[in-house]
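Hi,

I am passing this structure on to you, as you have not worked with it before.

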Amino acid sequence: MIKLTDFFVYQRCKWQRIKMKKILIVILIFGIGLIGISVRGYSDTEIDFTVLLKGEKIISPGDSFETGESDFNPGFVSFFNRLGDFLKENQGVIIEISGHTDNSGTMEINQKLSLSRAQRVKDYLVGKLGIDKDRLIARGYSSRFPIADNNTPEGRAMNRRIEIAALKNDNPAGTLTYLRRDVFTKFPDKIDFIRATINQDLFHLYRVLTRQKSNANVTFQDLSKINLGPQSLMIIYSLMERGFQIPRKQNVHLMTGGLRTKLNKLKGKLQVETPSCLISSNSVEILVGIDKKKMSALSVFDGKSEVKAQGTKVEVPEGFGTTVKMGKPPDPPEPLPKAPQLIKPVESKTNLPGKPDTGKASIQFQWQRADIEDKYHLQVAGDPQFEKIIEDRTLPDNAAAFSLVIGTYYWRVAVINKRGIEGYAAQSFFTISGGLPDLPLEITPGTEDVYKTTQAVFTVYGKTMPGTRLIMQDQQFQAGRQGEFTGTIPLHIGWNHIMVQAIHPDFQQKIIWLSFYRRSLGTSAAAIGLRFDNAVQSDNFVNTYALQVGKSFSLGSRFETELSFGLARLSWKDFPGDYKKAAAAFPFSAALRLMLAKGKLVPFLSTGLTTYLTFARERETDTIDTMFFISPEIGGGFSFPIFNTRGGFEIKYTPLLKKEPFFPEIAHRIAFIFRIL
């Protein structure tokens with residue numbers, strides 16, 4: 001039987017146990033609540049990180065950091081993991097991680113704490129998630145920029161935060177400097193393409209799309225250029241701000257179509273990603289194309305490029321090309337196809353008369369066929385750099401025709417072989433005009449000055465359009481296949497004003513005047529010559545070297561005389577008397593030349609006499625004896641134009657007569673003379 005006192009004691013103990021359980025439950029619930037507050041997570045669906053691409057910033061949730069702590073609360077790991085996933089999906093984005101504090105400490109302490117918080121987040125993204133550290137900029141801003149009231153615990157918790165912002169596209173990657181027909185661009189945060197405009201800036205992740213028969217030129221900041229062909233889609237990768245540049249593996253992503261580069265400082269830095277490979281270019285000019293099966297074709301016109309696909313790297317040197325099929329390694333490089341020979345318009349300066357009523361002319365293009373399986377890439381542009389493409393066609397045959405308005409055009413055509421590799425291009429240009437254009441005419445001598453001469457017949461030469469008929473002083477002659485011509489003009493003593501008339505059916509007639517003054521007998525030109533002769537048959541003399549200067553005079557239409565003197569070195573072997581084997585001499589020459597023909601290259605016969613005043617040194621006494629040698633000369637050679645004057649080359653046979661009281665001798669010699677008049 002239970003006593004009453006025991007019953008009350010039992011009930012009180014039972015009540016105390018119940019009370020204790022309730023207290024423990026309350027403490028447990030409170031503790032769990034506290035723990036929940038300290039480790040509460042953040043929903044993965046609450047933040048859209050793509051707003052960073054629109055220029056907006058993202059703020060870490062409240063209670064991300066405890067007071068005075070630089071490590072973020074473990075419950076917010078998912079937030080930074082999602083940030084890392086976003087950065088992996090958007091390789092071109094550089095972000096700024098800015099740390100902030102509440103106002104609990106001093107400004108100096110808070111500055112260090114805010115920077116430490118930003119750095120811890122950066123270290124986590126780099127060390128745990130593998131994000132490139134060059135894409136993360138950590139900065140601390142202390143408590144200078146609160147977003148909530150620091151007078152409340154909740155406000156201070158919100159101010160202890162991290163802010164994420166993508167660096168702005170303050171500097172465009174490039175500019176659209178030329179558009180033909182249907183060209184469109186798309187911003188990263190837009191769904192639809194819009195029509196592009198000339199001089200439109202292109203930023204990071206912008207897309208450029210060309211439709212059929214359309215082209216676009218993208219010019220980068222260093223004036224490097226990319227020409228985008230028809231039916232192409234290209235993504236631009238570049239993001240710059242405050243000197244930071246994206247460390248991307250590729251600068252552009254060509255998804256369809258083709259492009260041609262003309263690089264400046266980007267040489268060696270441009271990388272092009274295609275659906276089947278990654279191309280690293282160390283060239284000024286390369287050509288990349290993608291066919292309907294996503295096969296990539298590369299042509300390297302200078303330098304070298306590296307192609308990487310399926311873990312295989314292939315180096316493509318200058319003058320070679322390669323192809324890369326989807327899911328396959330690059331094919332071995334092969335030489336580029338050679339440039340085809342152009343048939344028409346055949347001349348680079350061909351002028352075609354347009355139709356005045358329409359302002360257009362139908363132009364026929366034709367070139368030599370390569371292989372029957374090959375195709376051809378024809379481009380017509382309004383400039384020699386082919387930056388302003390007017391027509392861009394891939395053709396199965398070696399001919400094309402289309403109408404063009406009046407103007408000057410440049411065109412080129414290249415062979416595309418059966419593997420899809422495009423080769424070197426043959427290039428020319430032509431002009432379409434509403435009337436007959438001016439006839440180009442280059443002539444020597446020029447029309448600016450009076451040409452003074454003593455020649456009775458003067459040779460005129462130059463270049464114009466093939467098929468041109470020229471008339472000079474009632475003489476008519478035809479320009480050659482390359483437009484070259486040569487004509488002779490008889491000159492009388494005194495002033496001569498010669499009219500040169502050029503006539504071509506496709507050009508306006510051109511008339512120019514040449515002025516000559518012919519002296520009756522005067523100095524034709526100064527002569528500077530180098531002479532070397534060697535004995536053919538002689539017991540004593542070996543050879544002679546001489547440098548001579550003089551004057552040449554015209555004696556008539558075909559005769560010319562020359563007087564000269566110089567310095568010579570004579571060599572002999574067994575000269576009578578005890579003399580050394582070499583002696584110095586002063587040669588004095590007089591020559592008469594007969595011109596055999598007219599033109600640029602003038603053959604002639606010559607005869608003359610050279611006297612050598614020689615100073616020979618005796619071996620024993622070292623005294624110098626003076627003696628004379630007389631050398632009659634007969635020979636021939638030719639003169640030719642050089643440096644707006646005339647030069648000459650001559651070969652002479654010279655029997656050399658030694659003149660000394662007791663010893664006559666004849667030495668047979670051959671002389672080679674070079675002369676600049």
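Predicted model: local features only at pLDDT ≥ 70, side-chain atom pairs only at ≥ 80, totals over all residues.

Residues are numbered from 1 along each chain as its sequence is written, and side-chain values use heavy atoms, with hydrogens and water left out.

The largest pocket has a volume of about 1,200 Å³ (on a 1 Å grid over the protein atoms alone, a pocket is an open set of points with protein on both sides within 12 Å along at least five of seven lines; lining residues have an atom within 4 Å of a point). Of its 40 lining residues, Gly257, Ile290, Asp291, Thr394 and Ile416 are the closest to the centre. Strand 13 gives the largest share of this lining, five residues (strands are DSSP runs of E, at least two residues, and helices are runs of H or I, at least four, numbered from the N terminus).

Now to the strands. Strand 3 (residues 136–140) is largely enclosed by the rest of the structure, because four of its five residues are buried (under 20% relative accessible area, with a 1.4 Å probe and protein chains only). Strand 2 (residues 95–100) pairs with strand 3 in the parallel sense over five bridges (pairing needs at least two DSSP bridges). Ile137 in strand 3 is the bridge partner of Glu96.

Best wishes

Methods: 1 Å grid on protein atoms, 1.4 Å probe; cavity = no way out; pocket = protein on both sides within 12 Å on 5 of 7 lines; lining within 4 Å. Points joined across faces, edges and corners; volume = space filled by probe spheres on them. Buried < 20%, exposed > 50% of the residue type's maximum accessible area, 1.4 Å probe, protein only.
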